[in-house]
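Please look through the sequence and the structure below before reading on. The notes that follow are meant to be read with both in view.

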Amino acid sequence: ELLINQIAAGEVIDRPASALKELMENSLDAGATDIAVQLESGGIKLLRVRDNGGGIAKDELALALQRHATSKIATLDDLQCVSSMGFRGEALASMAAVAQLSLSSRTAQEAHGWKVETMDGHLSEPAPAAHPHGTSIELRELYFNTPARRKFLKSEPTEFAWCEEVFRRVALSHPEISFSLTHNGKTIWQLPPHTPAGRVAAILGDEFGLAAVAVERQAAGFTLTGLAALPAYSRSSRDAQYFFVNGRFIRDKVSSHALRQAYQDILHGQRHPAFVLFLELPPERVDVNVHPAKSEVRFRDSQAIHSFLFHTVQDALAAPNA
Ligand code: ADP
Ligand code: MG
């Protein structure tokens with residue numbers, strides 16, 4: 001069972017940033033309004049996420065760490081139309097297989113918190129612990145027991161950069177939630193709740209906001225909102241391209257192509273557009289279940305999506321309201 005977990009773990013948790021993404025998504029699923037991330041040494045030495053969400057009851061702590069244990073799918077039907085982000089029940093089990101994990105939590109019904117820890121593949125009995133309402137999950141020494149995988153990690157600054165990018169994506173897509181990020185004891189981000197535009201400005205800078213036009217259109221069951229930067233802000237790299245589908249960061253061919261085309265007349269393909277865009281559509285029109293650890297989707301009607309994105313962004317750029 002432990003070996004299976006270690007193999008599966010490598011699929012889902014291939015670096016600290018992947019663990020961070022899963023933990024932050026769990027916190028969102030738990031209804032948190034405040035999420036604090038603490039990293040040491042690029043997340044390799046320590047990765048801790050604390051939230052003020054619904055918590056996990058004492059009796060369910062062990063279950064949460066079991067493979068294929070999820071509280072998020074009741075029937076197979078749900079799987080076709082999942083709207084919450086995590087649904088596979090593999091993330092925590094995978095983390096427990098490749099790091100020293102400790103999980104502390106307290107629900108609204110409990111007078112104090114409970115804590116469990118993994119040691120050599122075994123799980124401790126729940127012990128009372130001081131914890132506010134919500135959950136903290138701590139991973140220490142990622143891949144301490146799988147040296148081959150640990151060797152594949154990049155330098156600490158690079159692993160930190162990946163973690164920070166995950167953090168930015170989650171923070172951009174949830175402006176109403178407060179987030180913080182510390183690395184090696186230093187505060188990197190401290191984000192109070194914002195309006196969507198305020199959060200974009202907080203993360204990408206005022207220059208982005210000033211050089212961007214608002215995008216907002218609703219048609220045929222699709223809604224696109226966000227900001228698209230005019231050429232003044234365009235970049236020589238792709239590092240300011242944020243596209244979210246139903247709240248999830250996505251990088252896929254259909255949307256990339258449509259957005260590149262929308263910018264064709266003003267950037268002439270020479271530089272990369274910059275944007276933060278949110279596409280909302282009924283969950284049954286998109287398959288987010290392509291690969292658990294990847295930012296991929298499959299649209300059921302990609303022609304319609306392509307056309308909607310292309311025209312909406314092209315029109316917004318042609319009639320700047322900035
Ligand atoms: P999944 O998110 O796919 O259900 P995970 O392995 O990520 O699987 O989590 C397993 C279960 O643990 C979740 O279904 C949820 O019930 C519980 N859980 C994990 N993280 C949290 C959290 N931060 N707050 C409350 N419950 C959590
Ligand atoms: Mg999850």
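This is a predicted model: local features need pLDDT of at least 70, side-chain atom pairs count only at pLDDT 80 or more; totals for chains, interfaces and linings use all residues.

For the complex, the predictor gives an ipTM of 0.99 together with a pTM of 0.92.

**Overall make-up**

- The chain contains eleven helices and 16 strands, and buried residues account for 37% of its 322 residues.
- When contacts between residues at least 6 apart in sequence are considered, 67% of them join residues that are at least 24 apart.

**The nonpolar core**

- The largest nonpolar core has 81 residues, and those that touch the most other members are L20, M95, A228, F275 and L277.
- Because domain 1 (2-191) and domain 2 (197-318) both give residues to this core, the core lies between them.
- If residues up to four places away in sequence are left out, M95 touches I13, A19, L101 and L139.

- Strand β8, which covers residues 178-183, runs antiparallel to strand β9, which covers residues 186-191, and five bridges join the two.
- Which residue in β9 is the bridge partner of F179? The partner of F179 is L191.
- Two residues lie between the strands of this hairpin, in which N184 takes a positive phi near 50 degrees.
- As a general point for reading such strands, side chains in a regular strand alternate between the two faces of the sheet.

How values were computed:
Residues are numbered from 1 along each chain as its sequence is written. Chains are lettered from A and ligands numbered from 1 in the order in which they are written. A nonpolar core is a set of buried Ala, Val, Leu, Ile, Met, Phe, Trp, Tyr and Cys residues joined through C-beta atoms within 7 Å. A residue is buried if 20 or more other C-beta atoms lie within 10 Å of its own, exposed if 12 or fewer, and partly exposed in between; C-beta atoms are placed from the backbone. Domain bounds come from an automatic or database domain assignment. Two residues are in contact if their C-beta atoms, placed from the backbone, lie within 7 Å. Two strands pair if DSSP finds at least two bridges between them. Helices (H or I, at least four residues) and strands (E, at least two) are DSSP runs, numbered from the N terminus.
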